[in-house]
Amino acid sequence: MSAVGEESHAPRMRRCLNLARRGAGAVSPNPMVGALLVGPDGTVLGEEAHEFYGGPHAEARVIQSAEQRHGPDVLQDATLYVNLEPCSHHGKTPPCTDLIIEKDIPQVVVGTIDPFPSAQGRGIRQLREHGVSVEVGVCEQACRRFNEAFFHHVETGRPLVTLKIAQTLDGRIATRTGHSQWITGEAARTLVHRWRAELDGVLVGRGTVESDDPRLTVRHVDGPQPLRLVLDRKSTLPPDRTLFTDAHASHTVAVVGEDRPRPNYANRLTEAGGTILRIPETPDDHLDLTALLQRLGTDAGQDAEPLQSLLVEAGPGLATALFRQDLVDRFFCFVAPKVVGEGIPAVRDLGITEMDDALTFAEQEWETVGEDALLRGYRRPV
């Protein structure tokens, strides 16, 4: 076999990640995976992705595609690139390692090891035991960050929390009268809808529902509708809110205090297929957000698949609570080129008195989105 040059591994692994994005919002709770088959002369023989939960894995799809286009013999000199370790266990699909071995693919390049307890290097060991040359760790940081919701959920049992805020240059999310539409431009709003389509759930607090009556739907892009969650600790939100009455009410979960009375909207919501989720309260009369995240990481109260990722579109109260309890994993903050002076702050008091104690990020990057700036801050190392 003519070996693929080391210098070509990284761009091909980045291509795997681009392919894998096709499954965003559709493959959870599985990870997003892309696969590339390359011939000894560098020719791309096939490229595919895992595109929906329960569907064929990227490795199986790319092998089938390459065989159909070039014939089965081409695989015996090919190199398979995949951003996550091929599975070696039976789930909704057969093990990808068995197929790789059966097809006599001699070389596999892997971005990162699968953290799932039934995997964790097992697939790589199986391939090597059958004579397959396996290289691991190409673009590993990028591969782990790409699937960080999957990794986070496996390691903690909780969904990855992305806190989204849109604010002015002087840190306001609304004027002193409460007016907030629109702080950011159309490009930023479209990107938020893309995030909704890619993540498993979107969460807001009671204040946001009272003041804005949001829909929390995916409108400006094509994509699946996430689960919609609203915190209503006292069970007192009015029953006419859009989350309880629109065509997506079956995707709504109202989170109320464990011992609170049944909400007025309960019958209407549950008849539409929505859920009332009861969560313990803390001694200082707040919902136990840690308990909520652990529950969402199990079944979200709907006897469904667990949530691996959660977008929080928070007002200052919820944002402050999440920061105080160190429950924010990613902070995505839009900053619009506007100044309003007195108004509603994005975050309230965090108890920080010294600048050395300010919350910081393990990684951060700025980008321009239309006329606005976006900070992507990652609170923890990859």
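**Cavity, pocket and sheet**

Modeller: Helix H11 supplies three residues to the lining of the largest cavity, the largest share. The model is predicted, with local features needing pLDDT of at least 70 and side-chain atom pairs pLDDT 80 or more, whereas totals for chains, interfaces and linings use all residues. Residues are numbered from 1 along each chain as its sequence is written, and side-chain values use heavy atoms, without hydrogens and water.

Colleague: How many cavities of 30 Å³ or more does the structure hold, and how much space lies in the largest?

Modeller: There is one of 30 Å³ or more, and the largest cavity holds about 40 Å³, a volume being the space filled by probe spheres on grid points joined across faces, edges and corners. The term cavity applies because a 1.4 Å probe fits at its points, on a 1 Å grid over the protein atoms alone, but cannot get out.

Colleague: Which residues line the largest cavity, and how does the lining divide?

Modeller: Val161, Leu203, Leu289, Leu292, Leu293, Leu310, Val312 and Leu322 have an atom within 4 Å of a point of the largest cavity. The lining divides into eight nonpolar, no polar and no charged residues.

Colleague: What is the volume of the second largest pocket, and why is it called a pocket?

Modeller: Its volume is about 700 Å³. It is called a pocket because its points form an open set with protein on both sides within 12 Å along at least five of seven lines. Of its 36 lining residues, Arg21, Met32, Arg145, Phe146 and Arg330 are the closest to the centre. The lining divides into 16 nonpolar, ten polar and ten charged residues.

Colleague: What is the strand order of the open sheet, and why do E2 and E5 stand at the edges?

Modeller: Five strands run in the order E2-E1-E3-E4-E5, with mixed pairing. E2 (44-49) and E5 (133-136) each have a single partner strand, so one side of each lacks a neighbour in the sheet.

Colleague: How do you know that E1 and E2 pair?

Modeller: Five bridges join E1 (residues 34-38) to E2, and pairing needs at least two DSSP bridges, so the two strands pair. They run antiparallel, with Leu37 opposite Gly46 in E2.

Definitions and conventions:
Helices (H or I, at least four residues) and strands (E, at least two) are DSSP runs, numbered from the N terminus. Ala, Val, Leu, Ile, Met, Phe, Trp, Tyr, Cys and Pro count as nonpolar, Asp, Glu, Lys and Arg as charged, and the others, Gly among them, as polar.
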